[in-house]
Amino acid sequence: SGAPAIVWTNGKGSNVVHSSEPVKASSLISELVGDSNSSLDAAVFLLERSPDGSESLSGLTSSGSLPLVASKYNDAAAVHSHVNNNKAANIIARETGAASGKNVLRVSLSEFSSKMTSLDKDSTPVDGKLTKQQKALENAHVLVVSIPADTNPSVIDEAVVKAVDHSSVGSVVLTGVRSTEEVKHE
């Protein structure tokens, strides 16, 4: 078994495809960004495990804690119920980069927000100097956004929907790190 994932692709909304076939996280993301020419090919929101070791996305969605995401559910391109290899954001970022040949960067929610702001403004600092992290963020094709389990659900909700609604973001994936139990049984 694996973690669930909801996938939105910019401009491709009709019938939601539900898949219970196991799919590797990096393969799923690589397929999405293969022929993308968006400013940001994909934003992958990865919810970390709950303190008890359980996968946290299912709990947030079933409890109604992500109402904006719920309102976008029918606009999703696909819903996968068994995404494998969701062990950690840095692993997904590394494997997706290797599989896709794209610049993939693991970021925090605040770094993701900075990237969204820069997409809106299309600006560089007045003095033209960027830090190493700012350059990496500017040049990234795919962002894997690592979200701690204790993050306020409304912050997650708003960030995901902002990405889904943004014309410069090719695809958005919302998924979670698999439970400790599932990883042990691999």
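**Inside the fold**

Guide: Start at Thr96, which counts as buried because its relative accessibility is 0%. This is a predicted model. Thr96 sits in helix α4, residues 89-100. Setting aside neighbours within four places in sequence, Thr96 touches Ser26, Ile29, Ser30, Gly101 and Val104.

Now the largest nonpolar core. It holds 32 residues. Those with the most contacts inside it are Trp8, Phe45, Phe112, Leu143, Val160 and Leu174. Several elements give two or more residues to this core: strands β1 (3-9), β4 (40-47), β6 (104-107), β7 (142-147) and β8 (169-176), along with helices α2 (57-62), α5 and α7 (153-165). Helix α7 gives the most, with 6 residues.

Take Leu143 next. Beyond its neighbours within four places in sequence, Leu143 is in contact with Leu40, Ala42, Ala43, Val44, Leu105, Val107, Phe112, Lys115 and Leu137.

Finish with a helix pair. Helix α5 spans residues 109-121, and helix α6 spans residues 132-139. Their axes come within 10 Å and cross at roughly 60°. The crossing of α5 past α6 is right-handed. Glu111, Ser114 and Lys115 make the contact from α5; Gln133, Leu137 and Glu138 make it from α6. By type, the contact residues are 1 nonpolar, 2 polar and 3 charged.

Key: Residues are numbered from 1 along each chain as its sequence is written. This is a predicted model: local features need pLDDT of at least 70, side-chain atom pairs count only at pLDDT 80 or more; totals for chains, interfaces and linings use all residues. Side-chain values use heavy atoms; hydrogens and water are left out. Axes are lines fitted to C-alpha atoms, for helices over the stretch in contact, and angles run from 0 to 180 degrees between N-to-C directions. Helices (H or I, at least four residues) and strands (E, at least two) are DSSP runs, numbered from the N terminus. A crossing is left-handed if the near helix is turned anticlockwise from the far one by less than a right angle, and right-handed if clockwise. Contact means heavy atoms within 4.5 Å. Ala, Val, Leu, Ile, Met, Phe, Trp, Tyr, Cys and Pro count as nonpolar, Asp, Glu, Lys and Arg as charged, and the others, Gly among them, as polar. Buried means under 20% relative accessible area, exposed over 50%, partly exposed in between (1.4 Å probe, protein chains only). A nonpolar core is a set of buried Ala, Val, Leu, Ile, Met, Phe, Trp, Tyr and Cys residues joined through side-chain atoms within 4.5 Å.
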